[in-house]
Amino acid sequence: MSDIPDRNEIAKLLISEVMKYAIENGMTRLEISFEISDENVDAYNDRCSWFGSFNWGLVDDTYYMNMDVSEKIHDANIPEGFHLHKLLEIDDDTLYKCHYAAFTNSEAREFYDLTEDEKRQKFDKLYDGTQPINSKASVVLKHGDEIASMLLVVSRDNEEYFSIVAVNPDYRNQGLAKAVLTIGIQEVRKQGTNNISIGVDTVNKPAVQLYKKYGFKVRSRLSFHSWKAT
Ligand SMILES: CC(C)(COP(=O)(O)OP(=O)(O)OC[C@H]1O[C@@H](n2cnc3c(N)ncnc32)[C@H](O)[C@@H]1OP(=O)(O)O)[C@@H](O)C(=O)NCCC(=O)NCCS
């Protein structure tokens with residue numbers, strides 16, 4: 001019996017065989033996802049150590065939160081000097097300026113390890129039509145010519161997904177995130193949808209706090225780890 005390797009060794013052997021196969025077949029990147037709950041967090045930590053020993057790194061760790069907005073919510077409070085516009089009326093470069101400034105000054109790992117080109121490509125992908133944008137619920141608040149705050153909402157099966165909530169660092173802590181969330185939620189309710197979901201990096205405390213305070217509840221946590229050929 002003592003010759004039988006333990007589960008950690010078997011797991012590592014399997015991972016090394018998969019990586020060997022990938023290298024032999026010219027693959028340059030492998031990725032695995034885990035759905036984490038309170039019940040399986042120990043098993044997740046074991047898996048992190050197996051993959052970590054082969055230099056797989058964490059690339060994404062996201063809470064998916066949702067909220068039932070069937071109850072009427074209060075009116076949006078837009079601070080003085082800010083003006084509401086539809087997000088799709090704004091050109092991509094102007095939107096990117098706010099997006100870039102917000103995520104460069106963020107606890108989210110949105111831009112983690114990306115080149116400048118990759119950051120822009122990631123942004124462009126949001127608007128390439130792959131995900132249908134809810135044009136009425138997606139809004140920005142402008143201050144003069146500058147975008148202070150933005151909300152991008154995409155329509156999914158049975159829910160509206162609040163894909164990007166971003167506030168330019170110069171305009172934070174004035175209630176602008178709360179304002180765009182409220183405007184988006186009011187519009188989605190008008191359209192007859194009550195289920196709203198949102199994804200947020202688990203380490204992004206300001207955003208997690210914002211959504212929890214707003215009434216969103218954590219539905220699941222999904223973590224991605226990847227290996228890149230060198
Ligand atoms: C998270 C973010 C959107 C908050 O924007 P904001 O306009 O400063 O937030 P608001 O002023 O509307 O704050 C609303 C609530 O959010 C929470 N919050 C905001 N900033 C916070 C911080 N730095 N720390 C803890 N909680 C914070 C608070 O609960 C706050 O309520 P309170 O003012 O009653 O305490 C902003 O920091 C941001 O753009 N970050 C970078 C982009 C990002 O991470 N987006 C979310 C992922 S898509």
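Strand 6 and strand 7 pair in the parallel sense, over three bridges; two strands count as paired if DSSP finds at least two bridges between them. Helices (H or I, at least four residues) and strands (E, at least two) are DSSP runs numbered from the N terminus. From strand 6 the chain passes through helix 5 to strand 7, a right-handed β-α-β crossover: with the strands pointing away from the viewer, the path from the first strand over the helix to the second runs clockwise.

The model is predicted: local features need pLDDT of at least 70 and side-chain atom pairs pLDDT 80 or more, while totals for chains, interfaces and linings use all residues. Residues are numbered from 1 along each chain as its sequence is written.

Strand 7 also joins strand 2 (residues 57-68), in the antiparallel sense, through seven bridges. Ser197 of strand 7 is the bridge partner of Asn66 and also of Tyr161.

I turn to the ligand. Of the 23 residues around the ligand, Ser106, Arg172, Ala177, Pro206 and Leu210 come nearest; a residue counts if its C-beta atom, placed from the backbone, lies within 6 Å. Helix 3 (92-104), strand 6 (159-167), helix 5 (176-190) and helix 6 (205-214) each give two or more residues to this shell. Helix 6 supplies the largest share, six residues.
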